Amino acid sequence: MSRPDAALADALAAGTPIPRDAEGPVFAEPWQAQAFALVVALQNRGIFSADEWAQALGAEIREALANGGCRDGSDYYERWCEALEHLLIEKGLASHDGVDARAAAWERAAEATPHGRPILLENDPQAPR
């Protein structure tokens with residue numbers, strides 16, 4: 001399990017509930033801590049409230065379960081990202097097309113990145129040069 005201190009600093013300072021074990025905050029992957037910290041930072045900036053976030057995340061989880069999604073919680077942070085995407089689109093800060101285009105760019109960048117190297121958006125072969 002990862003314990004990325006920098007990604008959690010704002011969340012811990014804000015007293016936001018986070019996944020924990022006996023040793024402290026844990027996430028299965030570093031990206032989960034980053035996604036968590038991003039939501040906390042957006043709440044702290046007033047982009048959306050904790051209630052709006054809870055409603056968005058709850059809706060995503062209910063929809064996933066209704067469509068046969070994981071019942072063991074292993075896809076929790078995937079739902080987290082879906083809720084964030086939908087909330088940002090609802091707020092007019094992103095668009096479906098923009099999110100889809102950025103996801104495709106990251107996928108191309110991942111495919112073009114040699115094993116063991118950091119995946120950077122600049123690695124997308126279709127990125128403007």
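The buried residues of α5 are V99, A105 and A109, where buried means under 20% relative accessible area, exposed over 50% and partly exposed in between (1.4 Å probe, protein chains only). They cover an arc of only 125° around the axis, so they sit on the same side of α5; the arc is taken from the directions from the helix axis to the C-beta atoms.

This is a predicted model, in which local features need pLDDT of at least 70, side-chain atom pairs count only at pLDDT 80 or more, and totals for chains, interfaces and linings use all residues. Residues are numbered from 1 along each chain as its sequence is written, and side-chain values use heavy atoms, leaving out hydrogens and water.

Back to α5: its face turned away from the buried side carries the exposed residues D97, D100, E107 and E111. The buried residues pack against α4 (76-90), with contact meaning heavy atoms within 4.5 Å.

And α4 has another partner. Helix α3 (residues 50-66) packs with α4 at an angle of about 125°, their axes 8 Å apart. The contact is made by these residues:

| Helix | Contact residues |
|---|---|
| α3 | E52, W53, A56, L57, E60, I61, A64 |
| α4 | Y76, R79, W80, E82, A83, L84, H86, L87 |

Then there's Q32, which lies in helix α2 (residues 30-44). Q32 is buried, with a relative accessible area of 9%. Not counting residues up to four places away in sequence, Q32 touches F27 and Y77. Helices here are DSSP runs (H or I, at least four residues), numbered from the N terminus.

Note on methods. Helices (H or I, at least four residues) and strands (E, at least two) are DSSP runs, numbered from the N terminus. Axes are lines fitted to C-alpha atoms, for helices over the stretch in contact, and angles run from 0 to 180 degrees between N-to-C directions.
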